[in-house]
Amino acid sequence: MFETGWGLSLIVFLPLVGGLVALAIPKDNEALLKRWSLLVALVTFLLSLWAVASFDFGAAHTFQFEADLPWIPAIGAGYHIGVDGISLPLLVLSTLVVLLAIVYSWEHWEEPRNPKAFLILILILATGMNGTFVALDLVLFFIFFEVVLLPMYFMIGIWGDKKVMRIPGFAREIETRLYAAIKFFLFTLFGSAFMLLGFLALYFASGDVLGERTFDIPTLIAAGLETAPGGLTATAAWLIFGAMFLGFAVKVPMWPLHTWLPDAHTAAPTVGSVLLAAILLKLGSYGFIRIALPILPEQAQVWAPAIAVLAVIGIIYGSLACLAQTDMKRLIAFSSVGHMGFVMLGIATLTDIGLNASIIGMVAHGLITGLLFFLAGSMSHRYHTREMARLGGNLKLMPVIGGILAFTAMASLGLPGLAGFWGEFMALLGAYNPLPGLDLGLFRTAMVLGAIGTVLTAGYMLYMLQKVNLGEPSEEWSGHTFHDADRYELAAWVPLIVLIVVIGFWPKLVFGATTDAVVSLVDTAWGGASETAAAIVTTLGG
Amino acid sequence: MWYLTAEEEAHAAEALSSGGFFAEWAGVMLVLPFVAFLLIVFFGKRMRRHGAEFAIGALAVNLVWSSVLFFQNAVEGIHREVSWVVGEIGVFGGDRLVFELGWVVDGLSIMMFWLVSFVGLLVFVYAVGYMHGDVRVTAFFAAFSLFAGAMLVLVGAPNLVQLIIGWEGVGLASYLLIGHYWEDLDNVRAANKAFLVNKVADVGLILGAVVLGFTLGTFRFSELSVAAFDHSPELAGVAVAAGLLLFFGAMGKSAQFPLHIWLPDAMAGPTPVSALMHAATMVTAGVYLMGRAFPLFEYLASDTRGLMVAIGAITLFAAGLLALVQDDIKKVLAYSTVSQLGYMMTAVAAGGYTAGLFHLFTHAFFKALLFLGAGAVIHAVHSNNMSDMGGLRHYMPRTHWTFVVGSLSLAGIFPLAGFWSKDEILATLGYEGYTTVMWIGIAGAFVTAFYMARAVALTFWGSYKGHGHPHEAPAVMTVPLIGLAIPSIFAGFLNVPGVELGPIRNFTAWLGARVVPMGDHHAESVDWALAAVGLAAALTGLVLGWLVFSPDADTQRARDRFRIPVLYPLLEAKYFLDHIAWAIVNATKGPLARLVDWTNSYVIDGVVNAAGFLSAALARFVYGGLDQRGIDLAYNGLSQMADAAGMAARRLQTGRVQQYAAGFVVGALVLVLMIAVFR
């Protein structure tokens with residue numbers, strides 16, 4: 001089925017079609033709505049597993065299950081989709097997390113309920129996310145990238161935190177969900193506008209090199225826009241990379257474009273935070289690897305030091321900000337800034353090790369932070385507060401949730417033997433020796449600062465555990481009885497826990513797919529430089 | 001890239017046996033405690049002993065298994081390495097960087113396997129009695145199994161990455177155990193402190209692994225050892241940096257000054273935890289790492305020695321002094337451990353591979369014994385403070401005598417185990433030319449004997465000062481005491497220079513079964529002159545300690561005389577290191593973190609919010625000022641479209657979004673046109 005090219009399209013559009021069908025189901029028939037959505041998500045997930053089973057890992061560096069149909073011939077945009085070893089793990093992560101989100105939602109609806117609308121939004125979101133990971137055409141990529149925006153905007157705006165807040169410097173008060181939703185939307189749109197600009201510029205440039213303008217990603221990579229005769233001038237290429245950088249960096253998010261994230265994560269309903277953290281952030285870092293680096297490899301070298309510096313600032317800054325938080329969910333949200341800093345540090349090294357680090361880092365962060373948001377949601381559902389000062393002794397009140405929270409916090413601080421370790425460790429390994437030509441001193445400084453960041457990460461995670469989980473329950477809660485984790489929660493969490501442990505001890509689960517694709521990407525982009533690197537090492541080795 | 005050639009492999013592993021079945025499958029020992037852990041977590045509560053059965057069963061099997069290996073190695077010497085690839089990534093030039101899990105079975109790891117299993121098993125059995133009736137026995141034994149399992153993963157690691165996994169696993173387990181009584185936040189703070197101080201040191205370990213892994217293209221210790229042995233120029237270039245990074249990592253786990261501050265606080269956990277932590281499973285990890293990476297220091301990074309020896313010497317003496325002023329019996333022992341770790345680290349750093357690790361071996365017995373003895377006492381008097389004890393020799397004779405044995409062994413009294421291993425360290429320091437440090441070591445022996453005499457006198461002699469009637473501990477607790485007292489007496493004879501025990505070679509030979517020769521110096525015979533000096537120092541310490549603190553003397557006056565100005569307050573304040581550490585933590589957690597958060601809300605978001613505010617104002621101006629007066633018809637149409645779209649989301653009252661969107665689209669189009677024109 002996948003060889004015909006239809007399988008991937010099914011993975012992408014089945015959720016959307018499922019969502020449209022759900023529109024026809026009466027709003028009152030919640031049971032049917034839930035079952036239908038679950039079925040759609042489950043089938044999509046199984047299809048993605050089938051894709052893994054059919055995937056030729058021996059040729060992980062090539063795009064497989066491709067479909068390449070003319071779409072808008074007038075502007076040279078095609079319906080070109082396919083997966084390689086880089087996108088495959090992220091695609092599976094996406095289908096899995098959507099499935100778990102629906103399982104979790106089963107009995108956990110936030111006001112104003114309306115499961116029908118909520119489930120439909122999740123399914124539309126799934127199409128956007130899956131589509132972004134398989135798109136091989138810039139226009140297609142852009143559309144999927146933007147499709148994600150609206151459902152999340154509504155999720156935050158409608159089901160989000162209704163607490164009234166004040167914006168520093170403004171007299172008017174506003175509901176948190178509105179502020180967060182608008183901020184999220186505008187930030188991303190701001191980035192996307194520049195990204196689109198970059199895409200269009202690439203499109204025009206391709207015409208000068210190839211004679212025919214195209215949005216096709218593999219064609220653009222092969223064209224060598226920076227070096228081919230008639231290609232881009234250095235200044236133009238610098239601007240184009242910068243434009244794309246803005247688009248992707250907002251999504252990641254990189255410091256200082258990150259401030260939408262704590263607000264959006266904190267205000268979003270539980271499932272919204274989970275999807276946001278687990279998948280949406282990866283769209284940005286994936287964009288760097290899929291589009292920005294291979295199409296403009298020389299500019300990537302120019303921009304890499306800046307990316308590395310911002311990444312390290314993100315790591316330290318994000319961790320310090322975590323230490324200042326009083327709201328548990330906001331602390332977890334800020335931790336994403338730090339963790340995605342490691343992902344971006346890996347990317348900035350422009351090496352095989354660094355890019356592998358970033359992909360396994362993305363997968364691990366998706367699993368771990370997704371789980372953390374599930375837990376934060378379940379706890380605030382029970383305590384009706386996320387203020388850490390009011391919590392405490394959770395392990396006593398809810399041993400199962402408390403135990404899982406402790407486990408996940410350990411995973412999040414990068415405990416070796418759990419999934420989070422590999423992304424951090426290998427990002428540092430990559431930064432020790434970045435692509436030749438990059439400033440060694442700068443990257444090694446980044447490595448040391450990143451390593452210090454792991455101490456801060458441990459610091460705020462232990463702080464959170466101390467505040468929330470340990471100690472005696474405060475007066476407010478002692479004597480209360482709470483329902484510990486119910487079966488829907490466990491059904492959503494156990495797969496994540498298992499994967500965190502399995503990837504921790506057997507990272508091959510991810511590397512097996514990614515490594516050949518990454519090597520090929522690096523060789524194509526900076527082949528000359530890589531050979532120089534090998535030569536240097538050989539010389540050193542005598 | 002540098003790899004082991006077949007030739008090098010052959011010369012390196014010469015004359016070592018591959019060990020047969022038990023070495024080939026030694027990984028079973030690494031896995032069993034984790035199996036026990038899972039069984040305890042899922043079924044422990046239903047068991048009669050709350051899951052202790054599983055923990056003890058796993059270690060019992062391990063003890064048998066490692067004993068077989070121990071004997072095999074004693075007779076013929078084993079080196080066997082098994083690795084399973086768990087992750088593989090392509091790197092430039094067609095090479096591959098491989099992550100592996102597996103086990104290395106050689107002299108060093110076998111010694112540790114056996115030690116962890118033996119001490120661990122006795123402590124587990126003891127804990128069944130000690131923890132009886134505790135609120136969380138099941139969780140305790142689960143974490144205990146994890147502790148032993150992580151340590152076995154660490155010592156069995158054939159490569160740096162697995163070592164790091166075990167290393168932090170040990171850290172995690174210790175965090176859980178120190179914070180066992182987590183209702184009390186003081187215990188949680190102690191656990192956090194242990195985890196974080198270790199995490200600081202781990203930065204060194206991880207960066208060391210990065211440097212070595214990248215330089216060699218492999219994380220394997222065997223290839224590191226051979227490369228060092230062959231003076232690989234590539235490795236030589238980074239050897240000093242990598243060596244110092246690894247040593248920094250070792251300073252955390254092995255509690256070297258000034259990173260030792262976590263260890264005394266780690267007493268917050270139940271006493272069996274301390275016994276295990278101080279003997280076999282945690283603090284030995286750093287010394288073990290130095291032993292595992294010894295060829296790097298011996299053959300390439302010898303420039304690091306001066307610094308490492310100095311830190312070890314400071315640790316052994318400074319911590320010994322701290323032990324003098326503690327009232328909490330467990331803290332006396334804790335600082336004593338720090339001091340003894342200083343001896344071990346000094347020895348290994350000076351080039352005494354065998355000397356350092358032999359002291360690790362003997363120390364495990366008598367320190368576990370002392371902690372378990374202290375636990376029995378605490379169990380009986382319900383206090384940690386020696387001021388609440390006294391005269392317990394009448395109530396707890398078995399505990400008393402075994403405690404005395406442990407104390408004498410620790411003090412280095414002939415012919416107990418501690419005498420031989422400490423003497424070997426002093427001899428090594430002398431041979432390697434660290435004469436000053438050797439004299440510090442001798443002075444340390446005096447201090448050691450002094451504080452142990454004090455501890456024994458205050459705890460067991462004089463009259464009982466506590467409440468109630470203390471009773472001797474039950475057999476389940478005293479049998480492990482006796483089990484540890486025996487090796488505390490006799491283990492030293494395993495490594496008397498120049499003495500062989502029939503077909504069984506001595507400890508030096510066992511420990512030397514490594515992929516390359518360790519190259520450390522072995523004395524042909526005992527240096528009796530030095531031994532006599534060391535023994536004299538220890539005896540003087542014992543006698544003086546006894547005179548000052550024995551109940552026959554006027555103790556109060558003696559203690560007052562002991563309160564030397566400046567020094568005593570300095571020791572009471574623990575050299576102010578905790579104050580410094582807290583100042584750093586508070587500055588980070590307080591002003592620095594708040595500054596970042598403030599920047600976030602007021603500077604970065606200030607820009608964002610101001611931009612939003614200005615855009616809205618601009619939009620109002622465009623709409624009200626320009627558009628409504630019909631100056632720009634095109635824009636009018638556009639904003640009507642935006643209004644129409646805005647209807648859809650009207651309930652959100654966010655008409656502004658669409659206006660911005662329209663603005664962005666227009667802006668984008670203009671910019672595209674500009675690029676198209678000026679390109």
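Strands β1(A) and β2(A) form a hairpin with four residues between them, strands and helices here being DSSP runs (strands E, at least two residues; helices H or I, at least four residues) numbered from the N terminus. Within the turn, A:Gly76 has a positive phi of about 70°. This is a predicted model, in which local features need pLDDT of at least 70, side-chain atom pairs count only at pLDDT 80 or more, and totals for chains, interfaces and linings use all residues. Residues are numbered from 1 along each chain as its sequence is written, while chains are lettered from A and ligands numbered from 1 in the order in which they are written.

Across the pairing, A:Ala67 has A:Ile81 of β2(A) as its bridge partner, and A:Asp68 stands opposite A:His80. Five of the seven residues of β2(A) are buried, so this strand is largely enclosed by the rest of the structure. A residue is called buried if 20 or more other C-beta atoms lie within 10 Å of its own, exposed if 12 or fewer, and partly exposed in between, with C-beta atoms placed from the backbone.

Chain A as a whole contains 20 helices and four strands. Its radius of gyration is 23 Å, close to the 24 Å that the globule rule gives for 542 residues, so chain A is as compact as a globular protein of that length; the radius is taken over C-alpha atoms, and the rule is 2.2 Å times the number of residues to the power 0.38. Of the 542 residues, 65% count as buried.

Chain B has 28 helices and two strands, and buried residues make up 57% of its 679 residues. Buried residues of α21(B) include B:Met477, B:Pro480, B:Leu484 and B:Pro487. Among the elements that cover them are α5 (107-130) and α17 (353-381) of chain B.

The chains meet where 63 residues of chain A are in contact with 66 residues of chain B, contact being C-beta atoms, placed from the backbone, within 7 Å. Elements giving two or more residues to this side of chain A include α7 (176-210) and α20 (508-541). By class, that side has 45 nonpolar, 14 polar and four charged residues; Ala, Val, Leu, Ile, Met, Phe, Trp, Tyr, Cys and Pro count as nonpolar, Asp, Glu, Lys and Arg as charged, and the others, Gly among them, as polar.

The largest nonpolar core has 476 residues, and A:Ile122 and B:Phe147 are among those that touch the most other members. Such a core is a set of buried Ala, Val, Leu, Ile, Met, Phe, Trp, Tyr and Cys residues joined through C-beta atoms within 7 Å. Helix α7(A) gives the most to this core, with 22 residues. Leaving aside neighbours within four places in sequence, A:Ile122 is in contact with A:Val98, A:Ala101, A:Ile102 and A:Val271.

Definitions and conventions: Two residues are in contact if their C-beta atoms, placed from the backbone, lie within 7 Å. Two strands pair if DSSP finds at least two bridges between them.
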